[in-house]
Amino acid sequence: SPISGAFRAIRTNGNYSQADRKIKSLLVSSPQPGEGKSTTVANIAIAFAQLRKRTVLIDADLRKPVQHNVFGLPRGPGLTDYLVGETENISEIINETQIDGLHLITAGNLPPNPSELLGSERMNALVDKLEQDWDMVLFDSPPLIAVTDASMISSEIDALAIVVKAGYTPKEALDRALDTVGRAGTPLAGIILNGIRPESISSRYSYYYSYYQYYYAEEGSKTKKSR
């Protein structure tokens with residue numbers, strides 16, 4: 001479908017987004033709540049796993065986590081339990097999902113100080129370890145302009161992608177999010193436009209399909225005539 005094709009395109013672009021340098025970790029956020037960043041990063045993770053990449057998705061939204069619900073898993077033990085030292089072994093917080101090759105680290109217990117935990121040395125060490133052990137590491141983070149959580153961990157990852165929703169995200173919110181990314185110094189992999197109406201996608205694909213059918217038919221008739 002056009003939608004699954006779009007996620008495969010994001011996967012391809014994400015592989016080499018920074019001057020042909022292959023990235024191992026990608027944080028996906030949005031300017032504000034309700035723009036679909038959690039659904040988007042879950043589908044990107046599935047797309048990488050379908051490419052037979054050993055993929056791990058981390059729910060780093062320690063305020064309103066949803067990935068455990070998306071994949072039908074308990075919320076804990078998870079990321080918070082590891083960062084506060086209640087769980088020492090990383091493997092204890094990595095869960096298998098129903099998607100071959102895709103694993104999930106859930107958020108765990110909701111802490112009173114998520115920004116401090118995400119910006120801790122223990123978090124930095126966890127990111128480094130995951131990048132060594134996995135082909136692709138993806139983070140679902142809180143909105144950029146609502147809290148500082150995303151900017152606390154973004155400096156430790158290879159790239160960041162911003163999800164915006166058509167007809168919903170104010171331009172001013174996107175401007176503020178871009179300013180936050182610029183201050184954090186994390187390379188921006190791109191902006192993902194979410195919420196496009198399926199019928200508009202279908203009509204565009206139908207147009208191009210019809211155009212190329214016509215083009216190749218014309219080319220074929222010219223070849224036959226030349227022969």
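**Sheet, helices and nonpolar cores**

In this predicted model, helix 6 lies across strand 1, strand 2, strand 3, strand 4 and strand 5, and runs at about 140 degrees to strand 5. These strands belong to an open sheet of 7 strands, arranged in the order 3-4-2-5-1-6-7 with mixed pairing. Strand 3 (94–96) and strand 7 (188–194) form the edges; each has a single partner strand, so one side of each is left without a neighbour in the sheet. On average, neighbouring strands are turned by 25 degrees against each other, direction ignored.

Strand 1 (residues 25–29) pairs with strand 6 in the parallel sense over 4 bridges, and L26 stands opposite A159 in strand 6. Helix 2 (residues 37–50) also packs on the sheet, where it touches strand 1, strand 2, strand 4 (102–105), strand 5, strand 6 and strand 7; its direction makes about 170 degrees with that of strand 5.

The largest nonpolar core comprises 31 residues, of which L79, M123, L130 and F139 touch the most other members. Elements that each supply at least two residues of this core include strand 2 (55–59), strand 5 (136–140) and helix 8 (171–184), while helix 6 gives the most, with 4 residues. Beyond its neighbours within four places in sequence, F139 is in contact with several residues, among them L26, V41, I58, M123 and V127. Another core, of 20 residues, lies apart from the largest one and includes V28, A49, L57 and M136.

However, R54 lies over the face of W134, at 4.2 Å from the ring centre, and the charged end of R122 sits over the ring of Y82, 4.1 Å from its centre.

Methods: Residues numbered from 1 in each chain as written. Predicted model: local features only at pLDDT ≥ 70, side-chain atom pairs only at ≥ 80, totals over all residues. Heavy atoms only, no water. Core = buried A, V, L, I, M, F, W, Y, C linked by side-chain atoms within 4.5 Å. Buried < 20%, exposed > 50% of the residue type's maximum accessible area, 1.4 Å probe, protein only. Contact = heavy atoms within 4.5 Å. Lys NZ or Arg CZ within 6 Å of the ring centre and 35° of its normal. Pairing = 2+ DSSP bridges. Axes fitted to C-alpha atoms, helices over the stretch in contact; angles between N-to-C directions.
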